[in-house]
Amino acid sequence: MPECQTLVHAGVLVTQDAERRILAPGALAIADGLILDAGPAAELAARWQPRERLDLGNMLVLPGLVNAHSHAAMTFLRGLADDMPLMEWLTGRIFPVEARLTADIVRTGSLLGFAEMLRTGTTACMDMYLFEGAVLEAAEEAGLRCTGGEAVFGFPSAACPDAGAALAATRGLAERYAGHERIAVAVNCHSVYTTTPEIIAACRDLALELDLPFHMHLAETRDETARCLEEHGRRPVDYCRRLGVLEARCTFAHVVDVDEAELDVLAASGAAVAHNPSSNMKLASGAAPVAAMLRRGLAVALGTDGPASNNQCNLFQEMGRAALMHKLVSGDPASVPAEAVLDMATLGGAAALRAPHLGALAPGMAADLIALDLAEPNLQPMYAPVSHLVYAATGHEVRLTMVGGEVLYRDGRFSRFDYDALRREVRALRDFVLG
Ligand SMILES: [Zn+2]
């Protein structure tokens with residue numbers, strides 16, 4: 001009988017594999033951070049000789065969720081300023097605090113964001129911020145997968161005097177993390193409204209040269225479109241297309257103010273979209289045409305955006321809100337069904353991170369999984385597990401979070417860092433913001 005490191009026994013196993021198998025009970029054979037086998041529990045018990053068993057018999061096990069657009073460090077701004085328009089919020093409340101930022105503040109804020117992600121079932125994220133080197137160090141400490149890069153702006157940030165320095169920092173990170181199992185690098189071109197054509201072209205060049213994903217906020221609001229038309233004579237998607245951006249492997253956050261022809265262009269380019277329902281609703285940015293994106297075969301993922309515009313780093317909340325908002329805006333209760341939403345949070349996220357080994361529990365895929373406690377009252381009774389994951393679960397039913405076969409969170413405890421010590425550091429963050 002072949003040996004495996006761990007045999008996971010799950011009360012219910014939602015695989016997200018090609019057949020979308022749901023097995024009750026199901027099992028997973030794991031070794032070297034990968035899934036070797038997935039199937040009915042009795043079959044795997046007869047097939048594998050494990051060195052250890054992980055009994056999750058009263059749990060619902062599914063692939064770890066992928067947060068395709070985050071600013072994890074911004075936990076330090078959570079709840080500072082709500083209920084304001086985007087540009088006023090960004091320039092009046094967020095940018096002034098960010099102008100004083102330090103790498104230490106970013107590291108602590110990021111670790112808090114990653115703690116929340118692991119606690120609520122996220123195992124990978126695509127992150128954009130200043131001092132992104134400190135973000136990636138926090139991700140290494142927390143243990144989750146993170147694809148990040150220094151945010152590139154057309155003006156000085158606290159971390160970089162100009163766009164050239166931000167791109168040099170990104171290049172440095174790409175060298176530092178080349179071949180890393182969990183940390184990857186993207187070119188984070190902030191947006192069309194915070195950069196110039198020359199900066200966007202330089203970002204594209206670096207993405208193509210180093211074969212890195214190109215991650216950008218795009219077509220977030222009608223204001224952005226109006227400004228792009230005024231300054232560059234084109235709408236944001238066309239402006240980026242003309243600059244050659246779509247030649248890179250693009251992940252665009254938001255993509256709210258787009259028309260049918262622009263969706264065709266994005267679909268033909270192979271771009272992925274990170275949909276951020278909470279942020280879009282909170283800032284009244286509008287509803288991204290997600291149903292139209294899915295009809296075209298565009299890869300659509302879910303993101304939390306930053307905790308200043310959400311205010312959570314919880315993908316379960318994004319799943320529920322995504323499913324509901326598109327029904328409300330379309331007037332069609334069949335729009336964006338639960339299965340499509342779970343696909344966005346798993347397989348869509350893998351597409352956005354350009355990480356095809358994530359998003360499903362099947363042989364050869366990463367052993368990134370989460371387990372929800374089926375004893376919780378809001379998960380009973382259960383007829384359709386995917387319905388519960390999207391409409392009933394909050395994320396706080398997560399009892400175990402595993403990345404690459406390593407348990408990073410279990411029953412209130414983080415395995416790699418001291419959460420109580422982190423909470424004491426978070427108090428200093430508040431003093432920094434108010435000071
Ligand atoms: Zn964002």
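Contact here means heavy atoms within 4.5 Å. Helices (H or I, at least four residues) and strands (E, at least two) are DSSP runs, numbered from the N terminus.

This is a predicted model, in which local features need pLDDT of at least 70, side-chain atom pairs count only at pLDDT 80 or more, and totals for chains, interfaces and linings use all residues. Residues are numbered from 1 along each chain as its sequence is written, and side-chain values use heavy atoms, with hydrogens and water left out.

**Exercise 1. Work through helix α6 and what covers its buried residues.**

Step one is the length. Helix α6 covers residues 197–210, 14 residues in total. The expected span of a helix is 1.5 Å times one less than its number of residues. That should give 20 Å, and the end C-alpha atoms are 20 Å apart, which agrees.

Step two is burial. Buried means under 20% relative accessible area, exposed over 50%, and partly exposed in between (1.4 Å probe, protein chains only). In α6, the buried residues are Ile199, Ile200, Ala201, Cys203, Arg204, Leu206 and Ala207.

Step three is the cover. It includes the strands β8 (145–152), β10 (187–189) and β11, along with the helices α5 (163–176) and α8 (236–242).

Finally, look just past the end of the helix: Asp211 there takes a positive phi of about 55 degrees.

**Exercise 2. Find the protein donors of the zinc ion and classify their arrangement.**

Start with the cut-off. Donors are N, O and S atoms within 2.8 Å of the metal (3.2 Å for Na, K and Ca); water is not among the atoms, so sites may look incomplete.

Next, take the angles. Four donors count as tetrahedral if all angles lie between 85 and 135 degrees; four count as square planar and six as octahedral if opposite donors are over 155 degrees apart and all others between 65 and 115; anything else is irregular. Around this zinc ion the angles run from 88 to 167 degrees, so the arrangement is irregular.

Then place the donors along the chain. Their spacing is H-x1-H-x145-H-x87-D. His69 in strand β6 (residues 65–70) and His217 in strand β11 (residues 214–218) link distant parts of the chain, 148 residues apart. His69 is buried because its relative accessible area is 0%, and His217 is buried at 4%.

**Exercise 3. Decide how the rings of Phe76 and Phe432 are arranged.**

First, the rule: rings of Phe, Tyr and Trp (its six-membered ring) pair if their centres lie within 6.5 Å; planes under 30 degrees apart count as stacked, over 60 as edge-to-face and the rest as tilted. By this rule there are six aromatic pairs. In the pair of Phe76 and Phe432, the centres are 6.5 Å apart and the planes stand at 75 degrees, so the pair is edge-to-face.

Second, the location. Phe76 sits in the loop between β6 and α2 (86–98) and Phe432 in helix α15 (residues 419–434), so the pair ties together parts 356 residues apart in sequence. Both Phe76 and Phe432 are buried.
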